[in-house]
Amino acid sequence: MLSLYKFLKFSFRYLIPDSLRYPIARTIARGVCLVNRRRRNIIVGNLTPVVGAAEAARLAPVVLGHFSMTAVDFFCSRHNLAARVKEENWSIVEKAFRRSKKLMFVTAHLGNWELGISYLVEKGFSVAGVYAPYREGDVVRWIMAHRNPDVEWIPSTRGALAACVSALENGRVLGMVGDIPFGEKGHRVKMCGSSTHLPLGPWAIASRARATVIPSFIIREAPGRYRVTFHEPILPREGTLRRQMEESQEIYRAHLERYLQTLPEQWGVLQPFWDP
């Protein structure tokens, strides 16, 4: 599998002209969606509670096309995309940083979520990022070789909570996704009329570090063009740890639900999302 990834990277980076990279990526994605029944069924199953079965079937190849364009940007970009991101509500970040030096940016697998960490580095922050390690060690090492070297990368494995709190206390801002419970069972919530489990990890870190969380989403406006939107900060809560985590998560859940309903085609979750 790694050999195939490397071949595709070489082709898109050095052989395929700029004007054809995204169209070809979308065409490949449509082909995969056509022949890979399991992958197609997972995407349709994820989208059905959001848009209904018929629209989910129509959008499945579009979703995989967006995922493929994100992969092209991540592995094969010839430009500094982070420097070209448009900003919405940046003043929220400035005010929150002045008030509390402990900032977390929690996003989801929407648009180009991988671009968010590099965007924060581009803005001058000292950054730590949380990632989910995959089973294949050689694939993990290859992916990590493409991630921003100026970032302190923290795997979502045993000891991640302490490492994240330490990064915040040492002056780094922390970036992570909050829609997939990697390495934990998560907390059951209702969203789009169905049940799912969202991770409590981000909110455990925020509560432990007394950090301010800014829900942030980087959305694709056009191939290779992105806009980041920052939402009102989730401030440190009071009460028991469980109550703090669940109250913070509920605010994020409402943001996530609105984005899924508005931009379902940019939701790049390729594993079953909803509870059986």
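**Close-up views of a predicted model**

**View 1. Surroundings of I16.** Setting aside neighbours within four places in sequence, I16 contacts S11, R21, I24 and R78. The structure shown, here and in the other views, is a predicted model. I16 sits in the loop that links helix 1 and helix 2. Its relative accessible area is 14%, and because buried means under 20%, I16 is classed as buried. Between the C-alpha atoms of I16 and K190 the separation is 44 Å, with the two residues 174 residues apart along the chain.

View 2. M1, L4, Y5, F7, L8, I28 and V32 make a nonpolar surface patch of about 650 Å². Helix 1 (2-15) and helix 2 (18-35) both contribute, each with at least two residues. Helix 1 gives the largest share, four residues. One of the patch residues is F7, which is placed in helix 1. F7 has 54% relative accessibility and therefore counts as exposed, the cut-off for that class being over 50%.

**View 3. H255 in helix 10.** H255 belongs to helix 10, which covers residues 241-262. With neighbours within four places in sequence left aside, the contacts of H255 are P215, F217 and H231. H255 counts as buried because its relative accessibility is 10%.

**View 4. Backbone at N89.** N89 has a phi near 75 degrees, a positive value in a residue other than glycine. Most residues other than glycine have a negative phi. The position of N89 is in the loop between strand 1 (86-88) and helix 5 (90-99). N89 has a relative accessible area of 37%, so this residue is partly exposed; that class lies between the buried limit of 20% and the exposed limit of 50%.

**View 5. Backbone at C192.** C192 is a residue other than glycine with a positive phi, near 55 degrees. The loop that holds C192 runs between strand 6 (187-191) and strand 7 (194-198). Is C192 buried or exposed? C192 counts as buried, because its relative accessibility is 14%.

Notes. Residues are numbered from 1 along each chain as its sequence is written. This is a predicted model: local features need pLDDT of at least 70, side-chain atom pairs count only at pLDDT 80 or more; totals for chains, interfaces and linings use all residues. Side-chain values use heavy atoms; hydrogens and water are left out. Patches are made of residues with over 30% relative accessible area and no salt bridge: like charges are joined within 9 Å, nonpolar side chains (Val, Leu, Ile, Met, Phe, Trp, Tyr) within 5 Å. Accessible areas come from the Shrake-Rupley method with a 1.4 Å probe; for residues, only the protein chains shown count as cover. A salt bridge is a side-chain nitrogen of Lys or Arg within 4 Å of a carboxyl oxygen of Asp or Glu. Buried means under 20% relative accessible area, exposed over 50%, partly exposed in between (1.4 Å probe, protein chains only). Contact means heavy atoms within 4.5 Å.
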